[in-house]
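Please look over the sequence and the structure before reading on.

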Amino acid sequence: MTSRSAKDVDAFRTAREMRVTGRDPPKPAHTFEESSLPAYCVDELANSGFPAPTPVQAQTWPAALSGRDVISIAETGSGKTLAFVLPAVVHINAQPYLERGDGPIVLILAPTRELAVQIQEQAALFGASSKIKSACIYGGAPRNPQIAALREGVEMCVATPGRLLDFLNSKATNLRRVTYFVLDEADRMLDLGFEPQIRRIERLTRPDRQTLLFTATWPADVAAAAAEFTDDVVTVRIGGDALKASDNVSQIVEVTDEHGKHARLVSVLERALGDAEAAGTVPKIIVFLSSKARVDASTRRLRHEGFPALSIHGDKGQEEREWVLGEFRAGKSPVMLATDVAARGLDVKDVSLVVNYDFPGKMEDYVHRIGRTGRAGAKVKAMSLFTSGDARHARSLCGLLQTAGQPVPRELLQFLSFEFLKK
């Protein structure tokens, strides 16, 4: 790696739409063997069937393993979880063993319990060969088992900010050993109002810690927070400054009215389920709606009409949410209706179709929703039902479609006219 010419490095980064800034950033790793990850990590990657590092991994691993602070800006489904989990495993193995009363060495903050659970699963898998203990701390679940795990001693803690602060205030754990600090989905955490909690948690970690911040978008508030939390940082940006959807997703936009949406959804589900049955496959379809009440009402209506549909949203208890996700992942209930609680950080393999029944309020959420498909290079579909009430998003949506080389429906272009907007 170190002998690779600047020309070769530039060509590698350009081919992957990668921009890297910061003081003397390390060169990217083309293969797992070049990543400087130890053999036990490379073996786990090989056993998991990954062919090569994703762009965000190729550049983040060398930077993180050199001890630098890192900011990674990359779309959903880009492999960012392993970009910070594997260096965390290496970091833990380089530290003195935990002593009685010590808190975690690695702290990873996530905005939702689903994402926290998913990260901890990867931490457990790739930390097993090193006998690294990890815990997942989140609200909506019994406190005592989580407190017991922390007091027994864990090297890695994955947490949502609110529950972690609760445990810190009650002295169930401490952050005096934290030398590797990760903020995952930083933009989402700020959207959800977690910034005060994050700042309180950050002040309790060691001042000589290494910090990694991962985000899919780069608004001003995220940039300001990143500047405060990091030092001597390497910034890795995958893709351009403009909002960009995954190239692996075929985006279909249909203009309709509110009254016609349910009938169109039924037609789409019938076709998707029928095609899957004919092909002998198990479909996985996520339908996004704007509110918990609409999710519940649509789920009841679809089940009454004979569709195998379940739902997930923030008012569901953790046990029910985990059961719904389990049924969906196993293919026992191939249709899952959700609010944006499922738009980020929900890693379900083989999602074949995402339907935006209600178009999201922000284009960033549109990108995250359709990012539930097209993960790990799979070619899949996302369908959006667009009404006159969504007209303010028409220009941005047209731009996204054009950037991705997707057809722009003629009906969508009508919303760009000044006459329509004036009405």
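This is a predicted model: local features need pLDDT of at least 70, side-chain atom pairs count only at pLDDT 80 or more; totals for chains, interfaces and linings use all residues.

Which element gives the most to the lining of the second largest pocket? Helix α11 does, with seven residues.

- The volume of the second largest pocket is about 420 Å³.
- Its lining is made up of 15 residues, and those that lie nearest the centre are Val 268, Arg 271, Ala 272, Leu 353 and Lys 381.
- Three elements each supply at least two residues of this lining: strand β9 (249-255), helix α11 (261-279) and strand β14 (380-386).
- By class, the lining of the second largest pocket has eight nonpolar, two polar and five charged residues.

**Leu 273 in helix α11**

- Helix α11, which supplies seven residues to the pocket lining, also holds Leu 273.
- Beyond its neighbours within four places in sequence, Leu 273 is in contact with Pro 283, Ile 285, Phe 307, Pro 308 and Pro 334.
- One of these partners, Pro 283, is 10 residues from Leu 273 in sequence, and the two C-alpha atoms are 6.6 Å apart in space.

**The largest cavity**

- The structure has two cavities of 30 Å³ or more, and the volume of the largest cavity is about 50 Å³.
- Which residues line the largest cavity? They are Leu 183, Ala 186, Leu 190, Glu 195, Ile 198, Leu 213, Val 222, Ala 225 and Phe 229.
- Helices α8 (186-191), α9 (195-204) and α10 (220-229) each supply at least two residues of this lining.
- Among the contributors, α10 gives the most, with three residues.
- Eight residues of the cavity lining are nonpolar, none is polar and one is charged.

**Helices α2 and α4**

- Helix α2 (residues 39-47) packs on helix α4 (residues 80-93) at an angle of about 150°, and their axes are 10 Å apart.
- Angles over 145 degrees count as roughly antiparallel, and α2 and α4 are therefore roughly antiparallel to each other.
- The crossing of α2 with α4 is right-handed.
- On the α2 side the contact is made by Tyr 40, Cys 41 and Leu 45, and on the α4 side by Leu 82, Leu 86, Val 89, Val 90 and Asn 93.
- The contact of α2 with α4 comprises seven nonpolar residues, one polar residue and no charged residues.

**Helices α6 and α7**

- Helix α6 (residues 143-152) and helix α7 (residues 161-169) pack at an angle of about 65°, with 12 Å between their axes.
- This angle makes α6 roughly perpendicular to α7, the class that runs from 65 to 115 degrees.
- Arg 143, Gln 146, Ile 147 and Leu 150 of α6 make the contact with Arg 163, Asp 166 and Phe 167 of α7.
- What is the make-up of the contact of α6 with α7 by class? There are three nonpolar, one polar and three charged residues.

**Helices α14 and α15**

- Helix α14 (residues 363-370) and helix α15 (residues 394-403) have axes 10 Å apart and pack at an angle of about 40°.
- The helices α14 and α15 are therefore oblique to each other.
- As they pass, α14 and α15 form a right-handed crossing.
- From α14 the contact takes in Met 363, Tyr 366 and Val 367, and from α15 it takes in Ser 396, Leu 397 and Leu 400.
- Five residues of the contact of α14 with α15 are nonpolar, one is polar and none is charged.

Conventions: Residues are numbered from 1 along each chain as its sequence is written. Side-chain values use heavy atoms; hydrogens and water are left out. On a 1 Å grid over the protein atoms alone, a cavity is a set of points where a 1.4 Å probe fits but cannot get out, and a pocket is an open set with protein on both sides within 12 Å along at least five of seven lines; lining residues have an atom within 4 Å of a point. Grid points are joined across faces, edges and corners, and a volume is the space filled by probe spheres set on the points. Helices (H or I, at least four residues) and strands (E, at least two) are DSSP runs, numbered from the N terminus. Ala, Val, Leu, Ile, Met, Phe, Trp, Tyr, Cys and Pro count as nonpolar, Asp, Glu, Lys and Arg as charged, and the others, Gly among them, as polar. Axes are lines fitted to C-alpha atoms, for helices over the stretch in contact, and angles run from 0 to 180 degrees between N-to-C directions. Angles under 35 degrees count as roughly parallel, over 145 as roughly antiparallel, 65 to 115 as roughly perpendicular and the rest as oblique. A crossing is left-handed if the near helix is turned anticlockwise from the far one by less than a right angle, and right-handed if clockwise. Contact means heavy atoms within 4.5 Å.
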